[in-house]
Amino acid sequence: MISASCCRAAALASLLAAAAATAFLTFSLPLSPSVSTTKHTAELLSAASSTPPPPHPTLATASPPPPSPPPAEPATSAARPRKREPSYWRMAPEEALRYAKKEIMAAEPVVADDPDDLYAPLFKNVSQFKRSYQLMERILKVYIYQDGRRPIFHTPPLSGIYASEGWFMKLLEESRPFVVADAAKAHLFYLPYSSQNLRLSLYVPDSHNLRPLAVYLRDFVKGLAAKYPFWNRTRGADHFLVACHDWGPYTTTAHRDLSRNSIKALCNADSSEGIFTPGKDVSLPETTIRTPKRPLRYLGGHPISRRHILAFFAGNVHGRVRPVLLQHWGKGQDEDMRVYALLPGRVSRTMNYIEHMKNSRFCLCPMGYEVNSPRIVEALYYECVPVIIADNFVLPFSDVFDWSAFSVVVAEKDIPDLKRILQGISLRKYVAMHDCVKRLQRHFLWHARPLRYDLFHMILHSIWLSRVNHVQLDN
């Protein structure tokens, strides 16, 4: 037993001695017979300080890999990691509005291949618009008062030249994404009245007295302020109305806070009367809806090669601008300038009103009694570049759109030079403007089921943006 154990111990000691000798020889032998160990160690240290380590054996190739390109600058939002969005539903309404304002101010540039296909030349700042629109979709909640008697309230007019207020009312009241039943969660409060139905219900024909209309709306707002706490918190600054009739602004004048503080979306967006406040109030497009079941009927126009008429207008002659326009360009004085009062029968039998717009390069949109005109949107529908003649008119969505890209604004005093102004626009510029009109069209369309960036959403976005812009940031 003892002899066997001794033998095993002696064998183990021999193995350990052999391993130690092998390790010693391995680390002490030079790289080659002609190079000493010390010199080889110095060369290794020098190489380690001046060259990177060799590639992993499994990645090695016959030739060294090409140098990696310098990192690209984060010029677009696509190059940056996606920012995690907060839980908006946990925020108080004012907190969410302040967050939105900061986010819009710091909006990152939109990538060139934007999946939403927003055409940048249409916008003053497409990046801020896109970010603001995204935040509206994720944050905005609207409370609709159920008070008010029909047909003045909750009865949308869907046809005629004042249909914008009715279509907006209809689509908002049907909206699940934006409407909230709990007023404590609302960022905006909607007064669902129709200025057209208010006129039809209360105005005494030929009385020229709008006071009863304004008093009726004043008493309605006073009733809301007495019944609910929401109006008094901001003195109406988070409340809004949408009115397209020419008298819409005047129906707000009997209530000081309604006129000064609330957001008014008005077709009659006249900055000279002291009622419409640019930057706070919203210029509402006036759309003519002939068939409510088919609001997009007759949409589209002819290509530029088939637009042989330089400029076209036909309509009632009232207000301060149209008589001057007819004086200089009416009665067939110039074949290029087709300017009529009502379209004569001999002319309409050959080419009707809509076909005239589709065959014209420019469609004249002079103001009538008020600064707004449904011809602006009609021109966009028929892909005709609108020529707007209305001093003091705040153009629709001028907070986001660059109207110089797709329209011509002519001062009233320049009507005698109208043809020279239009002929001075080069073909290259006109082609670009015409293309912008076609791309802009989607933002001025009503849909029974709203689509992203359509007219319903553009109106709601302008109201949302007005509220966000006027919220006070924390110091």
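Which residues of the largest nonpolar core touch the most other members? I began my notes with this question.

**Entry 1: the model.** I recorded that this is a predicted model, in which local features need pLDDT of at least 70, side-chain atom pairs count only at pLDDT 80 or more, and totals for chains, interfaces and linings use all residues. Residues are numbered from 1 along each chain as its sequence is written, and side-chain values use heavy atoms, with hydrogens and water left out.

**Entry 2: overall.** I found 16 helices and ten strands in the protein; helices (H or I, at least four residues) and strands (E, at least two) are DSSP runs numbered from the N terminus. Of the 475 residues, 47% are buried (under 20% relative accessible area, with a 1.4 Å probe and protein chains only). I also looked up contacts (heavy atoms within 4.5 Å): among those between residues at least 6 apart in sequence, 71% join residues at least 24 apart.

**Entry 3: the core.** To my opening question I can reply that Phe168 and Phe401 touch the most other members of the largest nonpolar core, which has 133 residues. Such a core is a set of buried Ala, Val, Leu, Ile, Met, Phe, Trp, Tyr and Cys residues joined through side-chain atoms within 4.5 Å. Helix α16 supplies the largest share of this core, nine residues. Leaving aside neighbours within four places in sequence, I noted that Phe168 is in contact with residues including Tyr190, Phe240, Trp446 and Phe456.

**Entry 4: α3 and α16.** I then examined how α3 (residues 93-105) packs with α16 (residues 455-469): the angle is about 95° and the axes are 9 Å apart. Axes are lines fitted to C-alpha atoms over the stretch in contact, and angles run from 0 to 180 degrees between N-to-C directions. The two helices are therefore roughly perpendicular (65 to 115 degrees). Among the residues making the contact are Leu97 and Ile104 of α3 and Trp464 and Val468 of α16.

**Entry 5: the loop between β3 and α9.** I located Thr251 in the loop between β3 (239-243) and α9 (256-260), and His245 also has its place between β3 and α9. Thr251 counts as buried because its relative accessibility is 2%; His245 is buried at 5%. A polar atom of the Thr251 side chain lies 2.7 Å from the backbone oxygen of Gly248. The His245 side chain reaches the backbone nitrogen of Trp247 at 3.0 Å. Not counting residues up to four places away in sequence, Thr251 touches Tyr193, Leu198, Leu213, Ala214 and Leu217.

How values were computed
Parallel < 35°, antiparallel > 145°, perpendicular 65-115°, else oblique. Buried < 20%, exposed > 50% of the residue type's maximum accessible area, 1.4 Å probe, protein only. Polar contact = N/O pair within 3.5 Å; in protein donor to acceptor, adjacent residues only side chain to side chain.
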